[in-house]
Amino acid sequence: MTAEVLQQFDGQLLIKILNTLKDPIWINDKNGNVLWVNQAAVETLSIGELIGYNVFEMEKQGIFSPSISRLVIEQKRFISTAQITKNHGRLLVSGDYIPDENGDIKYLVTHARQLSQAINQSSELEKIESILQLYKQQIRELILQQNQQEEEFYVGKSKAAQSISVWSQKVADVETTILLTGETGVGKTAFAYRIHQLSSRNNKPFIHLDCGAIPESLIESELFGYKKGAFTGANANGKLGLIAAADQGTLFLDEIGEFPLHLQSKLLQFLQNKTYRMIGDNQVQQADVRIIAATNVNLMERVKEGTFRKDLFYRLNILPMKIPPLRDRKEDIIPLLNFYLSKFNQKYNRGQTLTKNLMDTLYNYSWEGNIRELENLMERLVITSAGPKIDLEDLPSDFPLQQSQAMILQNVEEMSLPIYLEQIEKNILVKTYNETNSTWKTAKKLGVSQSYIIRRLKKFNLRISEKKLVEE
């Protein structure tokens with residue numbers, strides 16, 4: 001009886017039946033190319049003709065994520081999971097494949113249903129929402145890698161770099177203000193941009209304002225903007241500020257410790273309720289902006305000095321993160337050297353390599369200027385080195401490490417052996433202490449007692465100043 005009924009169904013009738021369904025139906029080939037969709041699928045995505053599209057490309061473009069067809073192809077099994085569309089639709093999508101005579105994938109069939117219908121606001125909705133957020137973040141991570149937008153801070157594999165990378169994923173989609181601290185050159189700007197790229201604001205503006213680089217008299221107009229005729233010399237048409245420019249996106253306030261005291265209350269008001277007034281305007285403006293701030297100074301010390309408001313500090317310090325200096329994550333030095341060598345080789349059409357001697361030397365260097373110093377040195381070496389291999393003699397004459405080594409080697413013939421060995425010991429002692437910031441850790445690393453280290457400090461007329469060894 002079933003066979004007799006099926007014989008009555010021709011292709012056109014089957015298409016009509018599938019088009020009566022209110023749930024989207026997709027049929028793709030084994031490569032993810034769309035062969036047929038029902039009318040509900042077209043209406044769900046609202047992008048016009050779908051036949052001929054490739055679902056992998058649609059996923060990359062953010063039309064939906066994740067691609068269920070991709071998951072079925074990768075895992076070669078039935079898949080049912082949550083999916084989010086470009087127009088913020090939420091679907092529960094199931095996919096499976098039709099095999100050929102060898103059992104390989106021939107066609108892919110997916111069926112979707114609105115999450116509100118499938119789950120009906122049950123307790124499972126929260127689980128699905130968290131899954132969606134995870135998928136969205138994974139897709140953003142993939143896009144970052146595919147577009148080679150991986151910032152230099154994350155090239156390293158140290159525990160510190162990995163820990164901060166994980167932290168950035170956790171905080172990316174929350175709206176809370178973030179405060180990044182760390183020495184100059186550690187990569188605070190790169191870190192802030194990565195958080196923006198991993199957030200749901202990634203396709204909106206990322207605006208960078210260096211509070212220490214703009215004169216105090218101009219920073220208010222740059223940040224908040226001004227109305228027509230607000231002051232002498234103002235643009236005749238007025239000017240939108242960076243807050244307005246960053247609407248829906250992220251505003252990165254670099255060197256926030258330099259923000260003028262008399263404007264801090266105005267910034268605090270914006271952080272609290274997202275409202276502000278342009279110069280010369282009585283009307284309150286509103287902007288949906290996520291704030292990330294950064295500083296290389298101790299803001300609590302500024303609070304004690306009276307140059308930074310305590311309430312503003314606590315408002316900024318909700319999600320603090322200290323980015324460690326390069327000398328405290330030495331595992332990142334070699335990957336960073338290779339990263340920048342490749343970058344500048346490509347930029348200047350060169351093919352240089354680093355010798356092991358140079359790699360070992362730069363690995364043991366203290367990098368007071370952090371990643372910025374390393375990047376600048378590698379660019380200089382790629383430009384100025386003549387041969388295919390960059391070695392120690394290619395280091396610039398003003399490079400601190402080269403200077404200290406050259407001085408010892410130049411004067412070795414004028415020194416007695418004991419003095420020469422003491423000079424080497426002194427350099428090792430200074431370098432090790434500046435890496436560990438502790439006489440106990442220095443002693444442990446060098447395999448001697450702490451009292452021995454104290455005696456050598458006295459002998460070499462060295463004292464500790466701001467966690468560094470300096471000569472008396």
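Author: Thr439, Trp440, Thr442, Ala443 and Leu446 in α20 meet Gln450, Ile453, Ile454 and Leu457 in α21. The model is a predicted one. Helix α20 covers residues 439-446 and helix α21 covers residues 450-459. Their axes lie 8 Å apart, at an angle of about 105°. That angle makes α20 roughly perpendicular to α21, because the range from 65 to 115 degrees counts as such.

Leu446 also has a part in the surface. Together with Leu421, Ile424, Ile428 and Val448, Leu446 forms a nonpolar patch there. The accessible area of these residues together is about 360 Å². Helix α19, residues 417-436, gives the patch its largest share, three residues. Leu421 lies in that helix. Leu421 has a relative accessible area of 47%, so it is partly exposed.

Now the charges. Side chains of opposite charge can pair when their charged atoms come close. Lys445 counts as exposed, because its relative accessibility is 52%. Glu435 counts as buried, because its relative accessibility is 9%.

Other salt bridges lie elsewhere in the chain. The count comes to 19 salt bridges. One of them joins Arg201 and Asp288, with the closest N and O atoms 2.7 Å apart. Arg201 sits in the loop between α9 and β8, Asp288 in the loop between β13 and β14, and 87 residues separate the two. Arg201 has a relative accessible area of 7%, so it is buried. Asp288 is partly exposed, because its value is 33%.

Lys343 and Glu375 make another pair, at 3.4 Å from N to O. Lys343 is in helix α15 and Glu375 in helix α17, so the bridge ties together parts 32 residues apart in sequence. Lys343 counts as partly exposed, because its relative accessibility is 37%.

Last, the chain as a whole. The secondary structure comes to 21 helices and 19 strands. Of the 472 residues, 43% count as buried. Among contacts between residues at least 6 apart in sequence, 61% join residues at least 24 apart.

How values were computed: Residues numbered from 1 in each chain as written. Predicted model: local features only at pLDDT ≥ 70, side-chain atom pairs only at ≥ 80, totals over all residues. Heavy atoms only, no water. Patch = residues over 30% accessible without salt bridge, like charges linked within 9 Å, V, L, I, M, F, W, Y side chains within 5 Å. Areas by Shrake-Rupley, 256 points an atom, 1.4 Å probe, with all protein chains shown as cover. Salt bridge = Lys/Arg side-chain N within 4 Å of Asp/Glu carboxyl O. Helix = DSSP H or I, 4+ residues; strand = E, 2+ residues; numbered from the N terminus. Buried < 20%, exposed > 50% of the residue type's maximum accessible area, 1.4 Å probe, protein only. Axes fitted to C-alpha atoms, helices over the stretch in contact; angles between N-to-C directions. Parallel < 35°, antiparallel > 145°, perpendicular 65-115°, else oblique. Contact = heavy atoms within 4.5 Å.
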